[in-house]
Amino acid sequence: MKISENWLRTWVNPSISTQELISTLTMAGLEVDGVEPLGAELSGVMVGEIIKAEPHPEADKLQVCHVNVGQPDTLQIICGAPNAREGIKVAVATIGSTLPGDFKIKKAKLRGVQSFGMLCSGKELELSSDHDGIMELSENAKIGQEIVEYLGLKDNAIDIDLTPNRGDCLGIKGIAYEVGVLTQTELNPIEIQPVTATIKDEIAVELTVPEANPRFVARIIKNVNIKAETPDWMKARLLASDIRCIDPVVDVTNYVMLELGHPMHAFDRNNVKDKLIVRYAQEGEKLTLLDEQEITLKNDTLVVADTEKLLSLAGIMGGKFSGINESTTDLILEAAHWDPIHIAGKARSYGLHTDASHRFERGVDYNLSAQTIERATQLLLDIVGGEAGPIIDEIVESNFPEKRKLQLREARIERLLGIKMDAQQIEDILTRLGMELERSSEGWLVIVPSRRFDITIEADLIEELVRVYGYNNVPSRKPVSEMSMIRQPEKKLTKLQVSKALASRGYQEAITYSFVDRESQQLIDPNIEPLALLNPISSDLGVMRSSIWPGLLKVIERNQKRQLNQIRIFESGLKFIPSDNGLQQIPVIAGAISGRRYTENWEAANQNVDFYDLKGDLEAIIEMTAAKEQFSFVASSRDALHPGQTAEILRNGQSCGFIGKLHPQAQKDFDLDEAVFIFEIDLKKLLSRKLPAFNPLSKFPSIRRDIAILVKESVTSSQIVDLIGQTAKHWLNNIVIFDIYRGKGIEPGFKSVAIGFNLQRSDRTFKEAEINKTLEKIISTLTDKLNAVLRD
């Protein structure tokens, strides 16, 4: 936001230079991006008086003007403006000066007559849009004075980069408060007196959405002169603030917004039917805005309407057909309080960003609406004349905000800042910031001013204290504390251990947004309605993720587009699942692989990764739990995964995640060039670990037995291994499936599985009879449970 330094100093004028003022603001958190000296482009433009104006001998529409600019000789200047005449004072660009747009003034000859300068219009000086004639100055203008001095343009435009929480500083008033506190300078605020109504005209106001708009202030002003000229001092201040001058009514509304920080709007009274109604738009309603853009409204958008039509987009921009125009004679001024939550994001959703929406989204002083109307009324009556009606101040008390009361403890201040501040100094700072204080046993009860939406907790008050006290004044101290080792439970893995294990297997950790675009989210979880953000950063980051996969897949897509042919990434974080019990925030870890299995070299085969590469990496993580037997991979199905290459991950029979190949359609939708394999697992269910226990090594020999069984294709290897393990129990030392055969001699739909297992006792050597009995029991169990047939 740009502000005029001269304007600011009319409110508070500390005895410091411009550079010191900039440094003071920046160190207090109101960072100054830059300072632009104003008026430099108008150097050489003087106040002059036309002494004589004669017709040009060779051109009917030109005049030869003799102009006094305070020099011994008058200047002869050729001018074609219809209002050039003897006796008026004008802006004269002398030879050698440069006008905005790098237009250099040189001596010229027009139709045979010499011209030694130029008489300027407001548009040529970029002071207004008027180009119908030359700029006429007041009779009191001093001949020979630089135009920048006469118009008050010799100024500095200070560009302040405000953080979103400091909406109170989006006006001269708020910044003046800050400067006054920081420099301990008395504030000199403008005096706003109520304007006495001279007519009885009123406009009815109907508030149908009081939770979003609990206050609406309006006033009618009749018989204004819309063709009046905006005062030069106001133009100069608006120009310094980077605001274009339009007409006196619009200029005043912009001026008051910049001065007090409270946006307002002016309607043409003759284009408003019956009354003003604040309501939600109907789905599909259309509104043509002041910039002539037509938008189609959604039903969650606030509007101001009359009984027949829409008038404005509430808190954002006015409508074209109720705006001020050249034929306007009667006005309705409006200043309302809009709840930030109901305005936030609405302008962006229509591709808009206005000065009003910028302020209302951050919060505007809810007690300032009536003063805003009074201030605008004062200025308008002085500039365009007219007759003011009474103020209509419609308030819904049950929805109107109340001032926040916060407890501030002296002990808490010292604890957070590490310094002890004097109580008198604390009271002085807070009082200068506009807060009301009541002493209490522990400190103070602080009543926060209505303009400070950012102060909601005790820590905010302490931040204000140290900000004004000065961060540089807080002494640097080395922390002193007793260090103690934190006990780490052995029954729990840490997320860091899992991350390091994945990194050791060639994975790179990714960090993506917790919010994603709705389209990507629906590709992964079409049956979950994600939590929508009220105020998204952008339209493509509008919902909270119900899985980490969308973010990882976008990372892979970007890397594939940059010709990376070996990608392994993982991310840990929260996924957000709406439920009947509220929003579930579930910590998970997810990984994805794509491309080559090995880095390209002369020895490695050119093979791409598959399901089992990812499963192997995940099993290496599961091994860290020392409870591998508790986990199983069961063929399953899941949205966005290939139906034939998907497994559900179970721990003790409970689902804890999924692993699989991305569905070809999802691969196409995410614009991926190669197949991707992904997993996601619940961290809480993964990280619990079984405590290791020592078993003495057996000194007796182990016995190996191999069998081959015929089973249906649907039988999985884990089923076979689990049944053998349950049957042999603690005697089973090792088990391996070393061959699977399909082909000659095997009926279609069946397969031959060869299994080897080792049996070993810890107390004595196995007897042959025990071995045979165990083997028979294993074969019997496989036959009963899986219809397996022992092969010869």
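This is a predicted model: local features need pLDDT of at least 70, side-chain atom pairs count only at pLDDT 80 or more; totals for chains, interfaces and linings use all residues.
**Notebook: helix faces, cores and a few single residues**

**Entry on α14.** After α14 comes G506, which has a positive phi near 95 degrees.

**Entry on T494.** I next looked up T494, which is in the loop between α13 and α14. Setting aside neighbours within four places in sequence, I found T494 in contact with Q488 and L687. The C-alpha atoms of T494 and M624 are separated by 11 Å, although these two residues are 130 residues apart along the chain.

**Entry on α2.** I turned to helix α2, whose buried residues are L21, I22 and L25. Viewed down the axis of α2, they fall within an arc of 100 degrees, so they too line one face of their helix. Against what do the buried residues of α2 pack? I listed α1 (5–11), β2 (31–37), β13 (156–161) and α4. Just after α2, I noted that G29 takes a positive phi of about 100 degrees.

**Entry on α2 with α4.** The axes of α2 (residues 18–27) and α4 (residues 172–183) come within 10 Å and cross at roughly 95 degrees, which means that α2 is roughly perpendicular to α4. On the α2 side I found L21, T24 and L25, and these meet I175, V179, L182 and T183 of α4. Sorted by class, the residues of this contact are 5 nonpolar, 2 polar and no charged.

**Entry on α12 with α13.** For another pair I looked up α12 (residues 423–432) and α13 (residues 458–469), which pack at an angle of about 95 degrees with their axes 10 Å apart, so α12 is roughly perpendicular to α13. Here Q425, I426, I429 and L430 of α12 meet L465, V468 and Y469 of α13. The contact of α12 with α13 has 6 nonpolar residues, 1 polar residue and no charged ones.

The largest nonpolar core has 50 residues, of which L8, L25, I160, I175, V252, L333 and L380 touch the most other members. Helix α6 (residues 248–260) gives the most to this core, with 7 residues. I followed V252 and, not counting residues up to four places away in sequence, found that V252 touches M234, A376, L379, L380 and I383. Apart from this core lies another, of 26 residues, among them F611, I649, I681 and L687.

**Entry on E259.** Leaving aside neighbours within four places in sequence, I found E259 in contact with W7, W11, G171, I172, K173, I190 and R375.

**Entry on loop residues.** P194 lies in the loop between α4 and β14 (204–207), and with a relative accessible area of 59% P194 is exposed. P194 and R375 are 181 residues apart in sequence, yet their C-alpha atoms are 8.4 Å apart in space. Q184 is also in the loop between α4 and β14, and at 58% relative accessibility Q184 counts as exposed.

**Entry on positive phi.** Most residues other than glycine have a negative phi, so I wrote down two exceptions. Q184 has a positive phi of about 55 degrees although it is not a glycine. N787, likewise not a glycine, has a positive phi near 55 degrees. N787 is found in the loop between α21 (768–786) and β41 (789–790), and its relative accessible area of 55% makes N787 exposed.

Notes: Residues are numbered from 1 along each chain as its sequence is written. Side-chain values use heavy atoms; hydrogens and water are left out. Axes are lines fitted to C-alpha atoms, for helices over the stretch in contact, and angles run from 0 to 180 degrees between N-to-C directions. Helices (H or I, at least four residues) and strands (E, at least two) are DSSP runs, numbered from the N terminus. Angles under 35 degrees count as roughly parallel, over 145 as roughly antiparallel, 65 to 115 as roughly perpendicular and the rest as oblique. Contact means heavy atoms within 4.5 Å. Ala, Val, Leu, Ile, Met, Phe, Trp, Tyr, Cys and Pro count as nonpolar, Asp, Glu, Lys and Arg as charged, and the others, Gly among them, as polar. A nonpolar core is a set of buried Ala, Val, Leu, Ile, Met, Phe, Trp, Tyr and Cys residues joined through side-chain atoms within 4.5 Å. Buried means under 20% relative accessible area, exposed over 50%, partly exposed in between (1.4 Å probe, protein chains only). The arc is that of the directions from the helix axis to the C-beta atoms.
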